[in-house]
Amino acid sequence: MSERDRIRPMEMDDIPQVGRIFFKVFRKKPIESPEEFNRYFKELFFTSPSYSRENGSIVHEGPDGRIDSVISVIPMQYSVVGRPVTARLLCTFMVDPAAAPRGPAKLTLAFRRQDFCFTDSASPVSADHFKAVGGVELPMQGLEWRRTFRPAALLAHRSSQRIPLLGRLPAGPLASPLDGIARRMVSTLCVEAPPGVHDEAMTQDAFLSHAPTFLTDYSVHPVWSRPELEWIMRVAALNDKWGAPQIRAVFDRSDKLCGCFIYFGRPGSVAHVLNVLPARGMERAVIGRMLHHLDKAGYIAAEGRVQPRLLNALSRHRAMVYRHKAHVCVSTPRAEIREAIERNDIYIGGLAGESWSRLMSDFQ
């Protein structure tokens, strides 16, 4: 192997080179990455409280000294059966189409020795790379649920996404009366409030304090220390394409906190639910209250990723559909993590993932 044919940690000075590969691979544009992209990429992959050069993104340089393949990484602190582990959230796996195949193969093998790597957004090709190094796929977590409240408005919204010209037409005046009729004729489109619980706006400070407590009964779960969770939420809020982040707390009759949820959205559009965090035994009540809130707030639909423990509560609701969104994969040599996966006793997704990243839906 040539001295220049090597794998090494990504440096900030590499961002323009990496940006060119990103736009070539994911946007099919052979352009220089814009400065806004470069700033965001730096924020996302170099500023986490858990970041170090050793646990961050890695690149492969070809014999000519140029980067030809990249795996971008966000380190996240996890608890594995009570023991702290630095997990690596693998985000974009980028390979320059002109690259020799050995670079991507070496990058993939470099993670085989890591304690805990995962992704919640893998393509079929990336999922195959995970399996090639002994990784495991979590098929249920790869599903997305969607609950429709206003079908005519949702159809107009989806049509405008596929055909941008339609987005300029005033679909609202037509969709609104059609949805009014539909909701009167099909009562299950409306979400009744579940008895015994109510929801209120939750401050970010309260969310930072309480959200981690709802995950502690998972054998493998994000620690969500205050500095790290605060950083994730700050960077997630930069994704203003979805609207501002909203946090709600759910209380029982005695005003005891029994869950919370966080989502992005603008009323009149689709609510993107990142995490639903109920106390054990309160799954149906918290999910019912969340869907009732989103319906009453005027959203046309809500969508989020499936967590196995919540599937039964989600499936109690009509007008609910599921579709495959992305491959969720874990690579680890640790037996306790593999055993947790078999029991659906691992928490991945939402803020413990990358669905909130602008790289997933922006910079077109």
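**Exercise 1. What covers the buried residues of helix 8?**

Solution. The model is a predicted one, in which local features need pLDDT of at least 70 and side-chain atom pairs count only at pLDDT 80 or more, while totals for chains, interfaces and linings use all residues. Residues are numbered from 1 along each chain as its sequence is written, and side-chain values use heavy atoms, with hydrogens and water left out.

Step 1: Helix 8 covers residues 226-236, and its buried residues are Glu-228, Leu-229, Trp-231, Ile-232, Met-233, Val-235 and Ala-236, where buried means under 20% relative accessible area, exposed over 50% and partly exposed in between, with a 1.4 Å probe and protein chains only.

Step 2: look for the elements in contact with them, contact being heavy atoms within 4.5 Å. The cover includes helix 2, strand 3 (67-80), helix 7 (204-210), strand 10 (245-252) and strand 11 (257-264).

**Exercise 2. Describe how helix 1 and helix 2 are placed, and then examine the loop between them.**

Solution. Step 1: two packed helices are described by the angle between their axes and the distance between the axes. The axes of helix 1 (residues 15-26) and helix 2 (residues 35-46) come within 10 Å and cross at roughly 105°; axes are lines fitted to C-alpha atoms, for helices over the stretch in contact, and angles run from 0 to 180 degrees between N-to-C directions.

Step 1: classify the angle, given that under 35 degrees counts as roughly parallel, over 145 as roughly antiparallel, 65 to 115 as roughly perpendicular and the rest as oblique. Helix 1 and helix 2 are therefore roughly perpendicular to each other.

Step 2: list the contact, in which Ile-15, Val-18, Gly-19, Phe-22 and Phe-23 of helix 1 meet Phe-37, Asn-38, Phe-41, Lys-42 and Phe-46 of helix 2. By class, the residues of this contact are seven nonpolar, two polar and one charged, with Ala, Val, Leu, Ile, Met, Phe, Trp, Tyr, Cys and Pro counted as nonpolar, Asp, Glu, Lys and Arg as charged, and the others, Gly among them, as polar.

Step 3: turn to the loop between helix 1 and helix 2, where Pro-34 is found. Pro-34 has a relative accessible area of 36% and is partly exposed; Pro-34 and Asp-362 lie 328 residues apart in sequence, yet 12 Å apart in space, C-alpha to C-alpha.

**Exercise 3. Which residues lie closest to the centre of the largest pocket, and which classes make up its lining?**

Solution. Step 1: the largest pocket holds about 780 Å³ of space. On a 1 Å grid over the protein atoms alone, a pocket is an open set of points with protein on both sides within 12 Å along at least five of seven lines, and lining residues have an atom within 4 Å of a point.

Step 1: the lining of the largest pocket comprises 25 residues, and Trp-242, His-272, Glu-303, Lys-325 and Ser-361 are the closest to its centre. The elements that give two or more residues to this lining are strand 5 (117-122), helix 5 (151-162), strand 12 and strand 13.

Step 2: the lining of the largest pocket divides into six nonpolar, nine polar and 10 charged residues.

Notes: Helices (H or I, at least four residues) and strands (E, at least two) are DSSP runs, numbered from the N terminus. On a 1 Å grid over the protein atoms alone, a cavity is a set of points where a 1.4 Å probe fits but cannot get out, and a pocket is an open set with protein on both sides within 12 Å along at least five of seven lines; lining residues have an atom within 4 Å of a point. Grid points are joined across faces, edges and corners, and a volume is the space filled by probe spheres set on the points.
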